[in-house]
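Have a look at the structure first, and then we'll go through a few of its parts.

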Amino acid sequence: MPDNLADSPLRSGSSFFGKGDTRIIGWLKEAVTEGDRVNRSDPAYARIDAAMDYVMGDQIKQPPGLDYLPRVVINQTRRAVRTHVSALTDIRPLFQFKTFNEKFNDELVVLNKYVQSWWVNADVDMRLAQGIEYALTAGTGDIVVEYDPNFNMFGTGTIDDSGDTKLSARDPRDTLPIRPSRDFSIQSWEGVVLREPVSINVLAAMYPEFRATFRAESVWGQLFTRFRRIVGSAAAVSTLDGLTGTSR
């Protein structure tokens, strides 16, 4: 991000940001703050880290000075999560195309075959499993569907591929609502902020004309998706995980 407003493209009046109105930055900061407060208002928010620790086997909290006591953990919780994830992801693609016009039957077959191919090549079942792991542990999960021009570029063996749609499981604390409605559909919100770490090189590749304005910021402690993840922790391990000497 720009280190200050003086170096920001918004302040410079660049045509990329229209008239360079600095109120845009203020609005974005307010949206992030408001969305974070909405998430934190959920009573379960403060328990997410503890729930993740419990599922990963950190179930014994010993008082100081009693380290000599055995730390045996029979982690049935992780096993239950794995069982539920397996049951909910052992499925075929969740959608398909249909038509009531026989003239489009050939196109229908092609589209449905493409869905099946995408489901396998994009590891959709794995991303779905990660989202379910978040939901079973944190009480909710978020899976972002986005187009990536560099994803599966050569998945079909051709040289003219231009990316594909991919799914990404995220910590729900990094999905910040903008003016959420009272119903349960994200589609009725005014918007959403997806908080994630991005290196300066990534930003420079996206906006090379503004490379000189980007500065690193120490905001890693505010992020959860990359640094405090539950996904993948429910790997195939023994339920007597605590017998190794340290809980994981």
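At 42% relative accessibility, Arg-179 counts as partly exposed (buried is under 20% relative accessible area, exposed over 50%, partly exposed in between, with a 1.4 Å probe and protein chains only). Keep in mind that this is a predicted model, where local features need pLDDT of at least 70, side-chain atom pairs count only at pLDDT 80 or more, and totals for chains, interfaces and linings use all residues. Residues are numbered from 1 along each chain as its sequence is written, and side-chain values use heavy atoms, leaving out hydrogens and water.

Arg-179 sits in the loop between β3 (175–178) and β4 (191–194); helices (H or I, at least four residues) and strands (E, at least two) are DSSP runs, numbered from the N terminus.

| Residue | Phi | Loop | Relative accessibility |
|---|---|---|---|
| Arg-179 | about 50 degrees | between β3 and β4 | 42% |

Now for helix α2 (residues 23–40): its 18 residues reach 26 Å from first C-alpha to last. Buried in α2 are Ile-25, Ala-31, Gly-35, Asp-36 and Asn-39. They cover an arc of only 125 degrees around the axis, so they lie on the same side of α2; the arc is that of the directions from the helix axis to the C-beta atoms. On the other side of α2, you'll find Arg-23, Lys-29, Glu-30 and Arg-37 exposed.

Note on methods
Expected span 1.5 Å × (residues − 1).
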